[in-house]
Amino acid sequence: MTFNSRPQRESNQMVFGIRAIMEAITSGKEIEALYVQRGIGGGLSQELKALLSEYNITAQQVPVEKLNRLTAKNHQGAVAFISPIVYQKIENIIPEIFEKGEVPLILVLDSITDVRNMGAIARTAECAGVHAIVIPAKGSAQINPDAIKTSAGALYKIPVCRHDNFMQTVKFLQESGLQLVCCTEKTQDDIYKPDYTAPTAVIMGSEEDGIRNEIIRIADYLAKIPMFGEIESLNVSVSTGIILYEAIRQRVAPPTP
């Protein structure tokens, strides 16, 4: 597997000013977050808007007070943060896995919003030998210094694939021969039922809303973690570790027919 070889950085790089942001975009930088002043006008802002459309980048419209809190310098109504990692495309990774004769194990994170959960999950996934992590472009935690620190640097090593059309990406995994295993409480089947020795995409839902219904409907397996205590809930990073290592257990010692 081709891992991210970009030099490590300690923090996201802030870029402010419309021309500077446009230069960052056209030079191929990964924009982690972009904030544009609400109601801003002028020819330069229209150029930025056209560039965002061309590169399919979403900007958050915010009041000028937020931009002023981000930087005291002349931001011209726009502030961006460049991602400390390079995002990859799962469409490029899946063929590589098969070509190497390996059985894909992909982790799909449906709108995990807590950066520390994101980091902890990435750390476990990298230790478990997961080939890649797939996240939606919108509604997912930023890959920022907190996430990278919590991951113990794993986010520099495991490919992270961020896609705009998340459902289309999930369907691509299924069409590529991967079974979709959703970790959810909306089932009577437990996580030990699926055969993870087959090509698999394990799907974990957000901390509050779980996995979106559109994915639940097309899943090959719904699997829950059995619990016997009174709390009956686990942190999503802990749940991810449990189901991933069930997959690894089966792959290390495949069940007999």
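Predicted model: local features only at pLDDT ≥ 70, side-chain atom pairs only at ≥ 80, totals over all residues.
**Exercise 1. Work out how β1 is joined to β4 and where β1 sits in its sheet.**

*Solution.* Start with the pair itself: β1 and β4 (residues 78–82) run antiparallel and are joined by four bridges. Strands here are DSSP E runs of at least two residues, helices are H or I runs of at least four, and both are numbered from the N terminus. Two strands count as paired if DSSP finds at least two bridges between them.

Residues are numbered from 1 along each chain as its sequence is written, and side-chain values use heavy atoms, without hydrogens and water.

Next, widen the view: the open sheet has four strands in the order β1-β4-β2-β3, with mixed pairing. Its edge strands are β1 (13–16) and β3 (60–62), each pairing on one side only.

**Exercise 2. Describe how helix α1 meets this sheet.**

*Solution.* First find the contacts (heavy atoms within 4.5 Å): α1, residues 18–26, packs on the sheet and touches β1, β2 and β4. Then take the direction: α1 makes about 30° with β4. Such angles run from 0 to 180 degrees between N-to-C directions, with axes fitted to C-alpha atoms, for helices over the stretch in contact.
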